[in-house]
Amino acid sequence: MTDFDVDALLTDRHTKIVVTCGSGGVGKTTTAAAMAVRAADAGRTVAVLTIDPARRLAQSLGLTHLDNTPRRVTLDTPGQLWAMMLDTRRTFDEMVAAHSTPDRAAQILANPFYRTISSSFSGTQEYMAMEKLGQLAATGKYELIVVDTPRSRSALDFLDAPQRLTSFLDGRMIRLLATPSRGIMKLFEAGFTLFARAVTAVIGGQMLTDAARFVQLFEDMFGGFRERAETTYQLLRDPGSSFVVVATCQADALREAAYFTDRLVSEQMPLAGLILNRTHPPLAHLSAAATEAALEADAKAGSRSKGATLARAALRIHLDRLAMSADEMRMRARFDRARAEVPVTCVPAQPTDVHDIEGLRAIGAALGRV
């Protein structure tokens, strides 16, 4: 079992990108923001990009809202912090405008098929997250970029989706649509008459026409689409990038954490470590046996003073905390035995929800303790 030195990761000038992943409800967004604040407090120029559309991040950073443009966060710190929330459709629109002529871009943006895939097609959000990460990295403006990925296992679609989307857009069926009349004839010649009718029945003839027109307009961009995804994917495998898995000491969350860590290792992605959020360490150095003995002795004494009543309540809370901590340690021990090479750090549960910069700093301070 190795301790995860989060401060060493964040303050290392060679660390350029940190990607957080984990199941929903484990405090991943808050952890990403806390790491970004921690790095900025250490003097670095940091951007935090969230893909999960949670308003908590903006509120915690003292911003009224987040959008597709990095916004400066006011900090009394030697570094700088910028924050943004991915707007999938806008990022796609900007990419089209940047890599096409004005006339062709206008036609693409007005195409109904484009409007469908740019906002709701599976994998588009994750591809555009890669696109936005690549754009932020290419500016050279930020020393560190912290990325907060979507919840649950879809977080690792961040790795898979670009390939799926580019494979779809570069696939044979889509290519045939680039030359509609000849393409449809080939479908017929190949014995796909029933298939073509089925497609038309499901999505409609107009949608098929829109798709064909989109592919014709977009055809020159296919290569760049794939190339940029591959470039960003390689960026995530570079020594300057790190993945941080976030979980809680609960069975489901640790199961997801195991999935994430195993997948990242199998993909040879740079895994920095695991953060266990909302842990419950003992309140005092008093064993369960000693606590129970104290409660038993107090009960025999029969004191009803206010001080004795408070002492009994504190002892019972401590006993409950000891049981909770023991359960968490058992669950963590299972993870450690199977994945001893993964560094781990724990963040104690906070007394209140995090809703401001100071709350994020408290989380960052807990992360910094090794």
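Buried means under 20% relative accessible area, exposed means over 50%, and partly exposed lies in between (1.4 Å probe, protein chains only). The model is predicted: local features need pLDDT of at least 70, side-chain atom pairs count only at pLDDT 80 or more, and totals for chains, interfaces and linings use all residues. Residues are numbered from 1 along each chain as its sequence is written, and side-chain values use heavy atoms, with hydrogens and water left out.

**View 1. R13 and E143 form a salt bridge between two loops.** A salt bridge is a side-chain nitrogen of Lys or Arg within 4 Å of a carboxyl oxygen of Asp or Glu. By this rule the model has 15 salt bridges. In the R13–E143 pair, the closest N and O atoms are 2.5 Å apart. R13 sits in the loop between α1 (6–11) and β1 (17–21), and E143 in the loop between α7 (124–139) and β5 (144–148), so the pair ties together parts that are 130 residues apart in sequence. Helices (H or I, at least four residues) and strands (E, at least two) are DSSP runs, numbered from the N terminus. R13 is partly exposed, because its relative accessibility is 42%. E143, at 25%, is also partly exposed.

**View 2. K132 and E94 link helices α7 and α4.** Their salt bridge spans 3.6 Å, N to O. K132 lies in α7 and E94 in α4 (residues 88–98), so the bridge ties together parts that are 38 residues apart in sequence. K132 is buried, with a relative accessible area of 6%. E94 is partly exposed at 29%.

**View 3. R361 and E358 pair within helix α17.** The N to O distance is 2.8 Å. Both residues lie in α17 (residues 357–367), three residues apart, about one turn of the helix. R361 counts as buried, at 18% relative accessibility. Salt bridges with shared partners join D41, D76, E358 and R361 into one network.

**View 4. Eight strands form an open sheet with mixed pairing.** The order is β3-β4-β2-β5-β1-β6-β7-β8. Two strands pair if DSSP finds at least two bridges between them. β3 (71–73) and β8 (344–348) stand at the edges with a single partner strand each, so one side of each has no neighbour in the sheet. The twist averages 25 degrees from one strand to the next. β2 (residues 45–50) and β4 (residues 80–85) run parallel, joined by six bridges. Here L49 has M84 of β4 as its bridge partner.

**View 5. Strand β6 is mostly covered.** Eight of its eight residues are buried. S241, F243, V245 and A247 point one way, and S242, V244, V246 and T248 the other. β6 runs parallel to β1, with five bridges; I17 stands opposite S241. β6 also pairs in the parallel sense with β7, over six bridges, and V244 stands opposite G273.

**View 6. Helix α14 lies across β1, β6 and β7.** α14 runs at about 165 degrees to β6 (241–248). Axes are lines fitted to C-alpha atoms, for helices over the stretch in contact, and angles run from 0 to 180 degrees between N-to-C directions. Helix α16 (residues 306–338) also packs on the sheet, touching β7 and β8.

**View 7. T261 is buried in helix α14.** The helix covers residues 251–266. T261 has 1% relative accessibility. Contact means heavy atoms within 4.5 Å. Leaving aside neighbours within four places in sequence, T261 contacts V245, L271, F335, R339 and V342.
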